[in-house]
Amino acid sequence: MLKNKDIVSMNDLSAEEIQEILRTAEFMKNIVVSGNKKAPNLQGKSVVTLFYENSTRTRMSFELASKYMSAASANISASASSVAKGETLLDTGRTLDMMGTDIIIIRHPMSGAPALLSRHVNASVINAGDGMNEHPSQALLDMFTIKEHKGRIEGLKVAIIGDVYHSRVARSNMWGLSKMGAEVVLASPPTLMPLHMDKTGFKVTYDVEEAVRDADAVMCLRIQKERQQAGLFPSVREYFDFFGLDQKKLALAKPDAIVMHPGPMNRGTEISSFIADGRQSVVCNQVQNGVAVRMAMLHLLARRRSE
Ligand code: CP
């Protein structure tokens, strides 16, 4: 049973709760890959996705997860709602509450927006990505994918390489993977690494080869052009040479290492097309597992609300 009504940060989930979500997702994956994607788990519940930022994978997988489990589901894009007329986040949230919404899934450019919303609504709130802060459902699907391929998370070396500074995926994975006993190594140019990251207890390096050496999983991060101030690295070509994952760098990892990317990928910037489509890539598995993991999150939150 989840202890909180919301999932806004990996920091709020205990190792036991993470394990429960991953176990539940195994059952949910059977539904996703079956010919009959219809389960009654969310019958009588309503789910709203409230997205203030673009998304393909996260929004679609939450929407499909809701539909596969028979929820009444709806989607609001900020640009097509009363937000465009100046309505505040809290007024929008309260409006959804009054309509009987059980679960609100929010993506917002401001760090902390989901946490703020969660304190002002009765609905359960899931953080689908807030600014540079966190993206817990991505970390959970990443952990599920690692466990599926490696049989465990504990004791594995996971290299997270690229734009750590702007990455909510990196932050949620750091908290989640370390809680589950993995060794996390972060690698980026100094301009794309948050200050004092080395004091958090995580291994930090500016040398991708050091991070990738003997890794069990290599997680590439997207260069976030929409959040970049100009001049954080000299050129895309130079970035790829030093920090992009190619055959030469991947050869340093364990021979059976998996390659991950949350998507959307900038091919030729943080990852070569050869690696993105290669035999070690699990990028497509991550997308498929995203639906199963989000089904598990919705099911467990709905069950908590019912009980
Ligand atoms: N990984 C991820 O969050 O992708 P989207 O932006 O497409 O949702």
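Tutor: A residue is near a molecule if one of its heavy atoms lies within 4 Å of it. This is a predicted model, where local features need pLDDT of at least 70, side-chain atom pairs count only at pLDDT 80 or more, and totals for chains, interfaces and linings use all residues. Residues are numbered from 1 along each chain as its sequence is written, and side-chain values use heavy atoms, with hydrogens and water left out.

Student: Which residues surround the ligand, and how many of the shell are charged?

Tutor: The ligand has Ser-55, Thr-56, Arg-57, Thr-58, Arg-107, His-135, Gln-138, Pro-262 and Gly-263 around it. For the classes, Ala, Val, Leu, Ile, Met, Phe, Trp, Tyr, Cys and Pro count as nonpolar, Asp, Glu, Lys and Arg as charged, and the others, Gly among them, as polar. On that basis the shell has one nonpolar and six polar residues, and the charged ones number two.

Student: Which residue puts a backbone N or O atom 3.1 Å from a nitrogen atom of the ligand?

Tutor: Polar contacts are pairs of N or O atoms within 3.5 Å; within protein, one must be able to donate a hydrogen and the other to accept it, and residues adjacent in sequence count only if both atoms are side-chain atoms. Arg-57 has a backbone N or O atom 3.0 Å from a ligand oxygen, while Arg-107 uses a side-chain N or O atom, 2.9 Å from an oxygen of the ligand. The backbone atom 3.1 Å from a ligand nitrogen belongs to Gly-263.

Student: How much of the ligand's accessible area does the protein cover?

Tutor: Accessible areas come from the Shrake-Rupley method with a 1.4 Å probe, and for residues only the protein chains shown count as cover. On its own the ligand has 250 Å² of accessible area.

Student: Is Ser-70 buried or exposed?

Tutor: Ser-70 is in the loop between α2 (57-68) and β2 (72-77), with a positive phi of about 70° although it isn't a glycine. Buried means under 20% relative accessible area, exposed over 50%, and partly exposed in between (1.4 Å probe, protein chains only). Because its relative accessibility is 18%, Ser-70 counts as buried.

Student: What class does Asp-214 get by relative accessible area?

Tutor: Asp-214 is in the loop between α7 (208-212) and β8 (217-220). Its phi is positive too, near 65°. Since its relative accessible area is 47%, Asp-214 is partly exposed.

Student: Which residue's side chain makes a polar contact with that of Thr-49?

Tutor: Thr-49 is in strand β1 (residues 46-51). Thr-49 is buried, at 2% relative accessible area. Across a polar contact of 3.0 Å, its side chain meets that of Asn-75.

Student: How far apart are the C-alpha atoms of Lys-147 and Leu-22?

Tutor: Lys-147 is in helix α5 (residues 136-150) and is partly exposed, at 33% relative accessibility. Along the sequence, Lys-147 and Leu-22 are 125 residues apart. In space, C-alpha to C-alpha, the distance is 8.8 Å.

Conventions
Helices (H or I, at least four residues) and strands (E, at least two) are DSSP runs, numbered from the N terminus.
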